[in-house]
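Dear colleague,

I am handing over the structure below. My notes on it follow.

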Amino acid sequence: MEDGWDARFVQEQVGHEHASTTSIYTCVSSDFRTRTLRRTLDATMETALRPVRKAQ
């Protein structure tokens, strides 16, 4: 996953029905987790702080 493979793709390749099963066997570095969390939080904050456009 750290090399860019989609989590759903990995799940399907190993034959797991549920992502929670795949997560048991999948480990990523703390640096990868931090970068992923930071990207998600930054995108969420950007969306939340974007001015609301009024309908015309």
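**Salt bridges and other findings**

The side chains of Asp-31 and Arg-35 form a salt bridge with an N to O distance of 2.4 Å (a salt bridge is a side-chain nitrogen of Lys or Arg within 4 Å of a carboxyl oxygen of Asp or Glu). This is a predicted model, in which local features need pLDDT of at least 70 and side-chain atom pairs count only at pLDDT 80 or more, while totals for chains, interfaces and linings use all residues. Residues are numbered from 1 along each chain as its sequence is written, and side-chain values use heavy atoms, with hydrogens and water left out.

Asp-31 and Arg-35 are both in helix H3 (residues 30–49), four residues apart, about one turn of the helix; helices here are DSSP runs (H or I, at least four residues), numbered from the N terminus. Asp-31 is partly exposed at 47% relative accessibility, and Arg-35 is partly exposed at 39% (buried is under 20% relative accessible area, exposed over 50%, partly exposed in between, with a 1.4 Å probe and protein chains only).

The structure holds four salt bridges. Among them, Arg-38 pairs with Asp-42 at 3.1 Å between the closest N and O atoms, and Arg-50 with Glu-46 at 3.5 Å. Glu-46 is exposed at 52% relative accessibility, and Arg-50 is partly exposed at 47%.

In helix H1 (residues 7–14) lies Gln-11, which is buried at 4% relative accessibility. Beyond its neighbours within four places in sequence, Gln-11 contacts His-16, Glu-17, His-18, Ala-19 and Thr-22 (contact means heavy atoms within 4.5 Å).

Regards

Technical notes: Helices (H or I, at least four residues) and strands (E, at least two) are DSSP runs, numbered from the N terminus.
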